[in-house]
Amino acid sequence: MTTAPADAANAPVAPFDEMITPDGTPRATHAAVMDTLTSIGASGLEVRARQRDAYLDRHGITFTLGERERPLPMDLVPRLLMSGEWQRIEAGVIQRLRALEAFLADVYGPGRVLADGLIPRSLVTSSTHFHREAWGISTPNDVRIHVSGIDLIRDEAGEFRVLEDNLRNPSGVSYVLENRRTLAHVLPEVFAAHRVRPVNEYPERLLDALKAAAPPEVSRPTVVVLTPGVHNSAHYEHTFLARHMGVELVEGRDLYCRDNTVYMRTTSGPEPVHVIYRRIDDDFLDPVHLRPDSVLGIPGVINAARAGRVTVANAIGNGVADDKAIYPYVPKLIRYYLGEEPILPNVDTFDLTDPDQRKHVLAHLDRMVVKPSDASGGYGLVMGPSATDEELAQAARDVISSPRNYIAQPVVTFSTCPTVVEDGRIAPRHVDLRPFAVNDGRNVYVLPGGLSRVALPEGSLVVNSSQGGGSKDTWVIDDGVGDERPAVEDWSDDGATVPWPPGYNATRRDNSPSAHDDRILQQERQQQQAGDRAAGGTPC
Amino acid sequence: MLSRIAESFYWLGRYIERAEATVRLLAEHHQLLVEDQSVPHATGCAVLLEALSMPDTGVDTPHELVRVLVGSEIDPSTIAGAVSAARSNARAIRESLSQDTFEALNSAHLALSRGIAFAASPGVALHNVLERLLVVNGVVDWTMPRDEAYHFMVLGRELERIDMVGRLLSIRHDLLWPSSGPAATLRAAGGLSPFLRSGMAITGADARRFLVLDTTFPRSMRVCAADAEEAVRGLQRRGASDSSLLLREVGMLRSELEYARTPTAREIEQFVDEARGAAQRAGDEVNRAFFRQHGTVVWSH
């Protein structure tokens with residue numbers, strides 16, 4: 001999988017544009033939306049942009065960057081995915097997840113894949129996210145990756161590829177739901193021509209999956225969302241999920257463990273908790289086993305999980321499977337565990353622990369992206385073409401001194417989408433896609449669309465919200481307008497057969513009698529006019 | 001107090017509630033039409049108009065629906081009409097209202113009559129109207145003495161609320177939009193978060209039961225009936241005579257909802273219809289007992 005790029009690739013390749021074909025004509029699928037936007041015009045879009053900002057501010061739909069809370073910039077132009085394209089993405093994501101679930105069950109269990117030598121044992125054990133503490137913890141419904149957000153990009157040929165796997169705490173799903181609401185609120189016209197698959201089922205699906213993961217002997221499981229607190233960058237999302245699932249949002253200090261049971265402190269005494277959807281990192285989860293200085297976690301929760309009294313979702317130690325050094329092996333894992341060919345290919349990636357590949361990378365560093373293998377959020381990433389000489393030299397030193405901690409990929413120019421830029425103009429900007437998937441043990445539900453992140457500065461390829469990226473409402477479009485719905489008369493259910501009780505008039509609307517009594521109105525007016533006349537003096 | 005004054009307070013309560021409930025319902029319904037196009041727009045518009053007792057004039061776009069329902073001052077079934085009617089009643093009792101109440105209501109009226117409805121996006125415009133109506137309710141809540149006038153206003157508000165929840169439930173979002181409909185119904189009554197916190201999964205039947213029978217949510221019919229009953233008792237304490245039939249009407253509704261067995265999906269419809277019927281009868285009785293005691297005096301020669 002680590003084929004060296006042909007030298008012909010030296011010349012910059014034009015990115016795939018999702019709206020305009022290479023010969024300059026707009027794709028038919030985008031015509032309706034673009035017509036609407038054109039008719040609104042640049043000045044109209046500026047007005048809508050202000051309304052959008054007001055809406056996001058008012059609703060407090062924000063993420064925290066540094067010390068500041070700010071709205072995640074949502075672009076007004078939706079991103080369109082046709083149902084055929086989506087089918088492939090959905091199937092590919094599900095396939096990849098099944099393989100990664102099998103891999104996690106394997107490395108935290110029998111270790112078959114290591115014994116077979118498919119992946120070097122050292123690569124797994126040296127992963128900072130491989131937690132021996134999690135070895136042998138079984139999961140009630142064999143799910144470890146309850147929620148995932150696999151990042152995809154579209155390469156120069158328009159093919160979707162996996163950029164990275166996020167199997168720990170992928171965030172951003174709240175923005176998917178909020179973006180849809182926001183766009184329908186400020187720009188309803190663009191929806192007119194299409195039938196867009198709804199996204200609002202997500203919280204319900206997530207809650208079902210979390211309940212399905214509860215210890216089997218619990219009939220009515222209590223689910224909580226565990227947040228690090230209000231200063232976390234994704235705190236808005238934590239509140240969003242708790243509110244939309246109708247469960248408590250807790251902090252570590254609200255929970256405690258006793259006799260391997262986790263309780264939350266409530267005004268009516270301790271209440272047992274069965275499923276913790278935690279949005280804090282592994283390291284902070286349990287000071288007894290992991291970082292002893294953590295004040296965000298719950299001492300003893302890992303023992304409780306091992307005893308099968310509580311389920312932690314996502315499972316502890318998932319990070320070993322989304323480690324960027326494991327990433328190049330995922331296609332192999334798909335073949336190994338499932339006996340299938342990968343539906344979604346990887347981006348070419350160099351394993352820097354291999355001397356030949358390392359040499360190649362160091363020789364072409366200015367055309368590579370170098371990423372720390374255990375980080376996310378775009379932190380520590382060195383983008384070859386735009387890096388300074390000093391940055392490149394530093395990257396080379398880092399790669400040579402600790403090759404395990406980095407991977408390198410040829411710069412992929414991912415696709416562009418029309419985006420509103422300054423002055424209400426529309427221009428192409430680079431986008432990626434994070435489809436969110438929820439695994440309840442029986443089915444994997446992939447939220448139709450997912451989060452499209454857009455790099456707002458011209459030419460930029462970094463879409464992370466922590467690095468100034470924005471987002472786009474992403475539509476999965478069902479081709480053909482659906483009129484197959486039954487007509488009004490036909491959707492009656494059992495309720496419609498109930499006779500209305502006598503004396504009830506469904507169409508009656510009570511109104512205040514005097515407010516519209518013309519006679520009184522007329523005469524009151526005349527009084528007023530008579531008064532005017534008196535004051536002004538009457539002629540004759 | 002004067003019957004005429006009492007009547008204006010009663011209708012002030014009703015129209016403010018009608019305007020607010022219609023705005024919420026329209027905003028939510030509009031969002032649903034735009035976001036989830038599985039239902040043809042003509043159908044989606046028709047069901048809302050029918051629920052609000054408006055003539056169906058062939059409206060078939062969400063934008064047109066907003067225009068029709070924001071409406072004009074002459075039709076009190078529309079938002080502008082309800083706000084305008086509320087303001088007419090407020091003008092008639094301006095001396096008994098706090099200045100803040102009148103101002104808040106007046107600014108809602110002015111915003112509507114100056115064409116806020118024609119702002120570019122309906123969601124934004126509706127939100128502005130809703131915000132002003134919330135101010136009216138807030139000001140009333142913290143400036144109005146709990147006297148006879150207040151009880152008349154609350155009585156009007158609660159009877160209208162029962163009627164509006166009934167209209168909301170008659171739309172059957174849950175059947176039209178099986179996936180997003182139940183949540184939309186709850187949201188249109190401001191009840192999504194309270195519902196979810198009660199630990200139920202969103203199903204059409206549970207959402208509807210919640211809006212009829214919940215014990216704590218202020219827009220459930222049951223709580224409305226209890227508040228209406230409390231308002232009538234308040235009037236009685238202040239010496240309103242001839243209110244026993246009215247008390248019977250709201251009290252029976254309240255106890256029926258309070259002691260009901262958990263109804264099946266089918267039975268909910270009966271509850272809804274009965275509640276609306278009781279609210280209508282209570283409205284007639286308010287009219288008879290307090291505002292029209294002696295009929296119209298006719299002079300004969």
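Colleague: Which residue stands opposite Val224(A) in S12(A)?
Modeller: Ile276(A) is the residue of S12(A) that stands opposite Val224(A). This is a predicted model, in which local features need pLDDT of at least 70 and side-chain atom pairs count only at pLDDT 80 or more, while totals for chains, interfaces and linings use all residues. Residues are numbered from 1 along each chain as its sequence is written, and chains are lettered from A and ligands numbered from 1 in the order in which they are written.

Colleague: How many bridges join S7 to S12(A)?
Modeller: There are 4 bridges between strand S7 (residues 223–226) of chain A and S12(A), and the two run parallel. Strands and helices here are DSSP runs numbered from the N terminus, with at least two residues (E) for a strand and at least four (H or I) for a helix, and two strands pair if DSSP finds at least two bridges between them.

Colleague: And what about S12(A) and S13(A), parallel or antiparallel?
Modeller: S12(A) and S13(A) run parallel, joined by 3 bridges, and Ile276(A) stands opposite Val312(A) there.

Colleague: Which residues of S12 are buried on each side?
Modeller: Val275(A) and Tyr277(A) are buried on one side, and Ile276(A) and Arg278(A) are buried on the other, so both faces of S12 (residues 275–278) of chain A are covered. A residue is buried if 20 or more other C-beta atoms lie within 10 Å of its own, exposed if 12 or fewer, and partly exposed in between, with C-beta atoms placed from the backbone. In a regular strand the side chains alternate between the two faces of the sheet.

Colleague: How many residues of S23 are buried?
Modeller: In S23 (residues 469–477) of chain A, 9 of its 9 residues are buried. Both faces are covered, with Trp475(A) among the residues on one side and Lys472(A) among those on the other.

Colleague: Which strands pair with S23(A)?
Modeller: S3 (residues 74–82) of chain A pairs with S23(A) in the parallel sense over 6 bridges, and Met82(A) has Ile477(A) as its bridge partner. S22 (residues 451–455) of chain A pairs with S23(A) in the antiparallel sense over 4 bridges, and there Arg453(A) has Ser471(A) as its bridge partner.

Colleague: Switching topic, what is the strand order in the open sheet of 3 strands?
Modeller: The order is S9-S10-S11 in chain A, with antiparallel pairing. S9 (255–258) and S11 (269–273) of chain A stand at the edges with a single partner strand each, so one side of each is left without a neighbour in the sheet. The twist averages 40 degrees from one strand to the next, where axes are lines fitted to C-alpha atoms (for helices over the stretch in contact) and angles run from 0 to 180 degrees between N-to-C directions.

Colleague: Backbone checks now: which residues does the cis peptide bond join?
Modeller: The cis bond joins Ala313(A) and Asn314(A), with omega about -10 degrees, and Asn314(A) lies in the loop between S13 (311–313) and H10 (319–322) of chain A.

Colleague: What phi does Asp142(A) have, and is it buried or exposed?
Modeller: Asp142(A) has a positive phi of about 60 degrees although it is not a glycine, and Asp142(A) counts as exposed because it has 12 C-beta neighbours inside 10 Å.

Colleague: And what phi does Ser53(B) have?
Modeller: Ser53(B), which is not a glycine either, has a positive phi of about 55 degrees, and Ser53(B) is found in the loop between H2 (41–51) and H3 (62–70) of chain B. Ser53(B) counts as partly exposed because it has 13 C-beta neighbours inside 10 Å.
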